[in-house]
Amino acid sequence: MINIEVLNLGPMDNCTYLVTRGKEALLIDPAWDPNFIIHTVESRHLNVQGVLFTHGHFDHVKLSQALLKHFHVKAFLEEKDVALAGLPAELLHTYAGDQHFQIGSFDVQILATPGHTAGCVCILIEDVLFTGDTLFPGACGRVDLPSSNPRDMLASLRRIAALPEDTRIFAGHSYGGRCSSTVADEKLHNPYMRNALRQEKN
Ligand SMILES: [Zn+2]
């Protein structure tokens, strides 16, 4: 069973996730305050097994170089967002599309969910889906940015909706003070997901 901690960092309500099992840890979208993140990890004697980015936007990767160098780990990033992230190649594990990784003791599934950016992914660990800027509680990410694609977003929202209903969701920002939900709640209450599911029927 994994444990999830939300670190709210930076001026844009970004959520960095510290995922742990025993003393093993993964970091998802560690940005803005590497010193705080390093201190949080080291004060609890955790071993960082890996770092994953949900996409390449600056507010999800900002200042992460220092952290990657400190922990001597590379960050997993979908290849279509590499240019966007602007991180040096030697700090990245790049990949294309859906993946299944074993990182330390963590079984990690990557679901390609383009729409907000071309390289957006959701990260599934056990029953927890880290959705980045693809899905927020009650909303979805912007699709009017460079490399956004509204049609892809609809397909990505349907893909998330097809997961087991008790799948827990943790999003890339805590807009309105809230970053977590479930697939069941989103299918009931998220107008963007409901719209995507309606369009599939037509
Ligand atoms: Zn974004």
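H45 is located in the loop between α1 and β4 (47-52), where helices (H or I, at least four residues) and strands (E, at least two) are DSSP runs numbered from the N terminus. Phi of H45, a residue other than glycine, is positive, near 55°. At 60% relative accessibility, H45 counts as exposed; buried denotes under 20% relative accessible area, exposed over 50%, and partly exposed the range in between (1.4 Å probe, protein chains only). The model is predicted, so that local features need pLDDT of at least 70 and side-chain atom pairs count only at pLDDT 80 or more, whereas totals for chains, interfaces and linings use all residues. Residues are numbered from 1 along each chain as its sequence is written, and side-chain values use heavy atoms, with hydrogens and water left out.

A positive phi, of about 75°, is also found at W32, which is not a glycine. W32 occupies the loop between β3 (24-28) and α1 (34-43). With a relative accessibility of 17%, W32 counts as buried.

Strands β1 (residues 3-9) and β2 (residues 14-21) pair in the antiparallel sense over seven bridges; pairing requires that DSSP find at least two bridges between two strands. L9 has N14 in β2 as its bridge partner. Four residues lie between the strands of this hairpin, in which G10 takes a positive phi near 85°.

R178 is placed in the loop between β13 (168-171) and β14 (180-182) and is partly exposed, with a relative accessible area of 41%. Apart from neighbours within four places in sequence, R178 is in contact with P137, H173 and E186, contact meaning heavy atoms within 4.5 Å. From M1, R178 is separated by 177 residues in sequence and by 23 Å in space, C-alpha to C-alpha.

For the protein chain as a whole, the secondary structure comprises seven helices and 14 strands. The C-alpha trace spans about 50 × 35 × 30 Å along its principal axes. Of the 202 residues, 52% are buried. Among contacts between residues at least 6 apart in sequence, 54% join residues at least 24 apart.
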